[in-house]
Amino acid sequence: MKAVVFTEYGPPEVLQLKEVEKPVPRDNEILVRIHATPVSFGDTLVRNLKAVSPKKFHMPLLFWLFAKMYFGFRKPRITILGSEFAGEIEAVGKNVKRFKAGDPVFGFRGQSMGAYAEYLCMAENGVVVMKPANMTYEQAAAVPYGALMALNLLRKVDLRPGQSVLVNGASGGIGPFVVQLAKAHFGANVTGVCSAPRLEYVKSLGAERVIDYTRENFSDGDETYDFIFDILGKSSFSKVKRTLKPNGRCLLVSFKMKQLLQMLWTSLFSSKKVICALSTEKAEDLVFIKELIETGKIRTVIDKCFPLAQAAEAHRYVDQGHKKGSVVITVEHSMKE
Ligand SMILES: NC(=O)c1ccc[n+]([C@@H]2O[C@H](COP(=O)([O-])OP(=O)(O)OC[C@H]3O[C@@H](n4cnc5c(N)ncnc54)[C@H](OP(=O)(O)O)[C@@H]3O)[C@@H](O)[C@H]2O)c1
């Protein structure tokens, strides 16, 4: 089969289209014929991991060390990127009960990656479920990472209708789903923070207010919020505290040791708290997300699609910071397969 392989870390050009062996499903696995896979934050990070110092990494030093050990210090150990996918089941192992050949599915591979390819195998009990009926493969592929993380985050707090939420980093992989879930599912009033080119995009997802972080620091304003979700951990709690309502919470998706200590400190001594959130991805959560999509509460906006052979071009486009919505790699299958 064809796959986009990288054997050294570096710029988008390290991504090369190659012939590799087609995987064969084990007894408990499904073989998915991939139709679409988005370019996520994790894909661009791992592609260039050698250049990512502990300082550039948005998580504590220990996480950086684990990432380097897992993905490889000097050369990639996992050579096919892509942690989310949507496609059709081509074959199932003999013990598989939940799926059959022909089922349209979408799913999340996490750090195993491997979706920049024509096929992949997934355990039947992995994070893979039936694709939402009202989404194309391209749209569905762009859901799992951001939506699962957003759902995890929102479940860490007791968000009530009418409460106010600010999402710092509202336009990337995770933020758009926090905006949509907070607004459409929990009934909150949402303010989104991103840079100027993406303000309209974030508004279109349901944010009542948008703030351009290059012109205005939200923590300098008079507005206060029940919850602040900080995707890249760019805010400082000492400044943000005054923009939190009494008993407000600041949830960090990206954090360092300092913020972990703040979480401990505020859990004991402050009514306003820092919460450092880690994601756990479960198939049942993806089923719940699929239902929200089918009731029209979550959607994805596709900025641009690139064929598999142009994966490097797709990465270049993302690296340049132009995207407004998801950038998706599409996989065409020739008739003779
Ligand atoms: N805790 C966990 O378990 C977990 C799991 C997965 C990922 N993560 C972390 O999540 C982060 C990636 O999130 P993502 O995929 O949503 O990233 P992304 O797609 O790169 O999006 C980043 C967002 O942050 C905004 N932004 C950039 N600079 C900013 C600034 N100075 N102030 C405010 N906003 C700013 C961007 O806006 P513009 O594009 O307009 O600049 C964009 O909306 C990584 O740090 C990763 O380590 C954590």
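How many nonpolar, polar and charged residues does the lining of the largest cavity have? The first legend takes this up.

**View 1. Lining of the largest cavity in the predicted model.** The model is predicted, with local features needing pLDDT of at least 70 and side-chain atom pairs counting only at pLDDT 80 or more, while totals for chains, interfaces and linings use all residues. Residues are numbered from 1 along each chain as its sequence is written, and side-chain values use heavy atoms, without hydrogens or water. One cavity of 30 Å³ or more is counted, and the largest has a volume of about 40 Å³. A cavity is a set of points, on a 1 Å grid over the protein atoms alone, where a 1.4 Å probe fits but cannot get out; lining residues have an atom within 4 Å of a point. Points are joined across faces, edges and corners, and the volume is the space filled by probe spheres set on them. The lining is formed by Ser235, Ser236, Phe237, Cys250, Leu252, Gln259 and Gln262. Strand S12 (244–252) and helix H8 (257–269) are the elements that give two or more residues to this lining. By class it has three nonpolar, four polar and no charged residues; Ala, Val, Leu, Ile, Met, Phe, Trp, Tyr, Cys and Pro count as nonpolar, Asp, Glu, Lys and Arg as charged, and the others, Gly among them, as polar.

**View 2. The open sheet of six strands.** The strand order is S10-S9-S8-S11-S12-S13, with parallel pairing. Strands (E, at least two residues) and helices (H or I, at least four) are DSSP runs numbered from the N terminus, and two strands pair if DSSP finds at least two bridges between them. S10 (209–212) and S13 (273–276) are the edge strands, each with a single partner, so one side of each has no neighbour in the sheet.

**View 3. Strand S8 and its partners.** S8 (residues 164–168) runs parallel to S11 (residues 225–230), joined by four bridges, with Phe227 as the bridge partner of Val165. Five bridges pair S8 with S9 (residues 189–194), also in the parallel sense, and Ser164 stands opposite Asn189.

**View 4. Helix H4 (residues 144–154).** H4 is mostly covered, with 10 of its 11 residues buried. Among them are Pro144, Gly146, Met149, Asn152 and Leu154.

Note on methods. On a 1 Å grid over the protein atoms alone, a cavity is a set of points where a 1.4 Å probe fits but cannot get out, and a pocket is an open set with protein on both sides within 12 Å along at least five of seven lines; lining residues have an atom within 4 Å of a point. Buried means under 20% relative accessible area, exposed over 50%, partly exposed in between (1.4 Å probe, protein chains only).
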